[in-house]
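Please look at the sequence and the structure first.

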Amino acid sequence: MQEYNTIIGKLLSGINRKKFKRIVDKYKGDFAVKKLNCWEQFVSVFLGQITESSTLREIVDLIKFHSNQQYHLGIRKDVARSTLAKANETRDWRIYRDLFLDLVSKLKDSKFYKTTEMVQIIDSTPINLNLTQHPWIETTLKVKGLKTHVVYDLTNKSPILFDITGARTNDITWSKTMKLEKGITYVMDRGYTDYNWWYEINEKSSFFVTRLRKDAKIENLTEIQSSSKGISSQIFILTNRHPRGRTTNKYANIPLRKVIVEREKDRKPLVLVTNDFSRSNEEIAELYKQRWQIELFFKWIKGNLKIKKFLGKSENAIRTQICIAMISFVL
């Protein structure tokens, strides 16, 4: 059987092995490794992912059962459960995060990737874990475990950036590590409120759509203008030059736009803020409504990528499995 005559082989053919090796070398993943190199580890966990194996024992039995096909998938011999467990615990999980990002970059370079009206949704979702079984986890009032951060391309219905942090990493703290691009419209919830980050987006000739915090100190410059039933807008400025005492608000006194969306009788209006003055009020409201696409994506991956049951208890093993699950989605 030739390497790429199998379905699994065809899926794996989407990975550039030379690029994979460079990523492995970057993190010294195969340094002093005698058994089960990073490629073999990846293929093993990947097989478990697509066959919905729930334990390491099921994975190694599957590989052993198909021993005649191991060579064609790059596995030199049967895999021992203890060896795979140790690899998941010790091999740097960032190898597989970087592999995911490389695969996504290939998608962006393909002829099928649309580049008109680029809209990206930014959000995170918790991976809650049991503190008794995972004593290393970080905890907050809402999250006990890890956070998966995703930038989701609304136009192409695909994640384009992905990372995993501890529960205590604020969404806005992570978002500041992103490389902002010109001409993108970023849509996010009010957890990403940082006036100086908004300023950076504006300086990149890009746009943002988010919710205005209730405690924001503002001055309205115009009267409320209604454009349709239940939707109106108003121009305003942020007046607090030092919102946290030490930092200087670079966006102070620069015009912004509120889009006010009326909701059901018992709910307060949704107040959106944007630096986009060209789209209509209805378009801005619809963009924020589309933010739920990433929530549907989170629901889909949790239901279909089988990451509710983890193959290991260590932080590195769990991060590795999440990354390989995301890779299987892209492939």
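**Briefing: rings, charges, core and strands**

Tyr199 is partly exposed, with a relative accessible area of 23%; buried means under 20% relative accessible area, exposed means over 50%, and partly exposed lies in between, using a 1.4 Å probe and protein chains only. This is a predicted model, in which local features need pLDDT of at least 70 and side-chain atom pairs count only at pLDDT 80 or more, while totals for chains, interfaces and linings use all residues. Residues are numbered from 1 along each chain as its sequence is written, and side-chain values use heavy atoms, with hydrogens and water left out.

**Aromatic pairs**

- Rings of Phe, Tyr and Trp (its six-membered ring) pair if their centres lie within 6.5 Å; planes under 30 degrees apart are stacked, over 60 edge-to-face, and the rest tilted.
- By this rule there are 14 aromatic pairs.
- One of them joins Phe20 and Trp39, edge-to-face, at 5.2 Å centre to centre and 80 degrees between the planes.
- Phe20 belongs to helix 2 (residues 17-26) and Trp39 to helix 3 (residues 38-50), so this pair ties together parts that are 19 residues apart in sequence; helices (H or I, at least four residues) and strands (E, at least two) are DSSP runs, numbered from the N terminus.
- Phe20 is buried at a relative accessible area of 4%, and Trp39 is buried at 5%.
- Tyr199 and Tyr251 form an edge-to-face pair, 6.1 Å centre to centre with 85 degrees between the planes.
- Tyr199 lies in helix 8 (residues 195-203) and Tyr251 in the loop between strand 9 (231-238) and strand 10 (256-261), so the pair ties together parts that are 52 residues apart in sequence.
- Tyr251 is buried, with a relative accessible area of 1%.
- Phe20, Trp39, Phe42, Phe46 and Tyr96 make up one aromatic cluster.

**Charges and polar contacts**

- Arg17 lies over the face of Trp39, at 3.9 Å from the ring centre; a charge sits over a ring if NZ of Lys or CZ of Arg is within 6 Å of the ring centre and within 35 degrees of the ring normal.
- The charged end of Arg291 sits over the ring of Trp292, 5.5 Å from its centre.
- Asp123 is in strand 1 (residues 119-128) and counts as buried at 7% relative accessibility.
- The side chains of Asp123 and Arg291 make a polar contact (3.4 Å); a polar contact is a pair of N or O atoms within 3.5 Å, where, within protein, one must be able to donate a hydrogen and the other to accept it, and residues adjacent in sequence count only if both atoms are side-chain atoms.

**Nonpolar core**

- A nonpolar core is a set of buried Ala, Val, Leu, Ile, Met, Phe, Trp, Tyr and Cys residues joined through side-chain atoms within 4.5 Å.
- The largest nonpolar core has 89 residues, and those touching the most other members include Phe20, Phe42 and Tyr96.

**Strands 3 and 4**

- Strand 3 (residues 144-153) and strand 4 pair in the antiparallel sense over eight bridges; two strands pair if DSSP finds at least two bridges between them.
- The bridge partner of Leu146 in strand 4 is Gly166.
- The two strands form a hairpin with four residues between them, and Lys157 in the turn has a positive phi of about 55 degrees.
- Eight of the nine residues of strand 4 (residues 158-166) are buried, so this strand is largely enclosed by the rest of the structure.
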